[in-house]
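Good morning, and thank you for the time on today's agenda. I would like to take you through one protein model, and I ask that you keep the structure in view as I speak.

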Amino acid sequence: MGTWDIGHFDNDSAADFCNGLDDAAPGEREALLRSALLGAVRAEEYLDSDEAVEAVVAAALVAAQCPGGAAVTSAYGPEEPIPPLSVELRPLAVEALDRVVAEESELAELWDETESGPAWRRGIRELCDVIDPVPPTIDVPLFDI
């Protein structure tokens, strides 16, 4: 895997996937993202690193459209705009990211062998937190006693 940094778009597989998104018609881009997410979720045994990278990119593009999501500013991200995505992709994106960091994931294994592994995992966790934020705890009694 040609990787030059821990960012979600900072490797050859991510750049190739984004090029494919740019080449697709706007109406086909959501289906490509869904397919990448499903590929990770449905991996029965070992998740290949290229599939995992595509799932991370897809999840990052989903997160970019969530409240509090960061815009994709990487030079290796898609150049063409991603149309508004269905909110139904959000739980699928979180499920895919959970699979990417699981034990049977080549990408997680590769990162865990480096000193950047913890930072990479934090980046994945941050995506999950944007896509599916934990509701705030409310310290208000439910009943008046």
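**Salt bridges, one buried serine and the overall fold**

I begin with Asp-129, which is partly exposed, its relative accessible area being 38%. Please bear in mind throughout that this is a predicted model.

What does the side chain of Asp-129 meet in a salt bridge? The partner is Arg-125, with 3.3 Å from N to O. Arg-125 is likewise described as partly exposed, at a relative accessible area of 45%. Both residues belong to helix 6, which covers residues 117–131, and because they are 4 residues apart there, about one helical turn separates Arg-125 from Asp-129.

How many salt bridges does a search of the whole structure find? The number is 3, so let me turn to the others, given that a salt bridge here requires a side-chain nitrogen of Lys or Arg within 4 Å of a carboxyl oxygen of Asp or Glu.

In helix 2, residues 29–41, Glu-30 and Arg-34 are placed 4 residues apart, again about one turn of the helix. These two residues form a salt bridge in which the closest N and O atoms are 3.1 Å apart. Arg-34 has a relative accessible area of 29% and is therefore partly exposed, since that class lies between the buried limit of 20% and the exposed limit of 50%.

The remaining pair is Arg-121 with Asp-112, where the closest N and O atoms are 2.8 Å apart. Arg-121 counts as partly exposed at 29% relative accessibility, and Asp-112 counts as partly exposed at 43%.

Let me now move to a residue in another setting. Is Ser-49 buried or exposed? Ser-49 has a relative accessible area of 7%, and therefore is buried, the cut-off for that class being under 20%. Ser-49 is located in helix 3, residues 49–64. Leaving aside residues up to four places away in sequence, Ser-49 touches Glu-106, Leu-107 and Leu-110.

I close with the protein as a whole. Its secondary structure consists of 6 helices and 0 strands, giving the pattern α-α-α-α-α-α along the sequence. The protein has 145 residues, and 38% of them count as buried. Among contacts with a separation of 6 or more, 68% are between residues 24 or more positions apart. Finally, the accessible surface comes to about 8500 Å², and carbon and sulfur atoms account for 52% of that area.

How values were computed:
Residues numbered from 1 in each chain as written. Predicted model: local features only at pLDDT ≥ 70, side-chain atom pairs only at ≥ 80, totals over all residues. Heavy atoms only, no water. Helix = DSSP H or I, 4+ residues; strand = E, 2+ residues; numbered from the N terminus. Buried < 20%, exposed > 50% of the residue type's maximum accessible area, 1.4 Å probe, protein only. Contact = heavy atoms within 4.5 Å. Areas by Shrake-Rupley, 256 points an atom, 1.4 Å probe, with all protein chains shown as cover.
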